[in-house]
Amino acid sequence: MIKLAEIPEYLLYAESELESFQGQSLGRWRFILQSIQNTVRFDATDWEPSVSLERLELLTVIRGLEELDQPSSVTIVTESNYVAHGFGFGLREWRHNGWQWERFGDLVPITNDDLWRRLDRASQVHQLQCRRGKWSDAAPETAIERSPPKNLSTRESPPTPWRRDNPARRWIRNLSRIASSIIPI
């Protein structure tokens, strides 16, 4: 049995972005796993084709947690409302309801239940907390590579990076999320 004083503590900074590139949805994810006790740091980034933003945000957090080789205390720092809200308010309820949630009086399967189950298993191994925070708080000195991998592009110039701080895009994204939850497809 590991004593609480012996459990390593980490900060997991997770970032995900989604953009359209040559008619294809292309997501970029990155995480930094940083030890609190010393300066041990692991940084990983990659591109994921044809994935939704919510799925990409969950994958980023899960990949960061899967890098840990022993039970640890981890504080997840993410800009994602989806991950923070699901972790804080939904995970226990979804597990209790068989990975379903109530929608207009009916129990329906939750979206990305396979990833939420993986996150739930990780929470049984690690002591997890989730906080909303900005990526720039993690490592302002590191530049994030925003151009897609060469094998996905036939264009000379990389696409314009999708920016979270653009109010118009944020408003449109929130509006489309609200509309998709109201209007059945």
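Which strands does helix α2 lie across, and at what angle does it run to β7? Helix α2 (residues 81-96) lies across β4 (73-78) and β7, running at about 135° to β7. Axes here are lines fitted to C-alpha atoms, for helices over the stretch in contact, and angles run from 0 to 180 degrees between N-to-C directions. The model is predicted: local features need pLDDT of at least 70, side-chain atom pairs count only at pLDDT 80 or more, and totals for chains, interfaces and linings use all residues. Residues are numbered from 1 along each chain as its sequence is written, and side-chain values use heavy atoms, with hydrogens and water left out.

**Sheet**
- Five strands form an open sheet with mixed pairing, in the order β3-β2-β1-β4-β7; helices (H or I, at least four residues) and strands (E, at least two) are DSSP runs, numbered from the N terminus.
- β3 (41-49) and β7 (127-132) are the edge strands, and each has a single partner, so one side of each is left without a neighbour in the sheet.
- On average, neighbouring strands of this sheet are turned by 20° against each other, direction ignored.
- β2 (residues 24-35) pairs with β3 in the antiparallel sense over nine bridges, where pairing requires at least two DSSP bridges between the strands.
- W29 has D46 in β3 as its bridge partner.

**Hairpin of β5 and β6**
- β5 (residues 100-103) and β6 (residues 106-109) are antiparallel partners over four bridges, and V108 in β6 is the bridge partner of W101.
- Two residues lie between the strands of this hairpin, and F104 takes a positive phi near 55°.

**Helix α2**
- The 16 residues of α2 should span 22 Å at 1.5 Å a residue, which agrees with end C-alpha atoms 22 Å apart; the expected span is 1.5 Å times one less than the number of residues.
- A kink of about 60° is centred on G90, the bend being the angle between axes fitted to the seven residues ending there and the seven starting there.
- The buried residues of α2 are V83, A84, G86, F87, G90, L91 and W94 (buried: under 20% relative accessible area, 1.4 Å probe, protein chains only).
- Their cover includes α1, β4, β5, α3 (113-125) and β7.
- S80 caps the N-terminal end of α2, with a side-chain oxygen 3.3 Å from the backbone nitrogen of Y82.
- G98, which follows α2, has a positive phi near 70°.

**S72**
- S72 sits in the loop between α1 (53-66) and β4 and counts as buried at 2% relative accessibility.
- A polar atom of the S72 side chain lies 2.9 Å from the backbone oxygen of Q70.
- Not counting residues up to four places away in sequence, S72 touches I7, P8, Y10, H126 and Q127 (heavy atoms within 4.5 Å).

Notes. Buried < 20%, exposed > 50% of the residue type's maximum accessible area, 1.4 Å probe, protein only. Polar contact = N/O pair within 3.5 Å; in protein donor to acceptor, adjacent residues only side chain to side chain.
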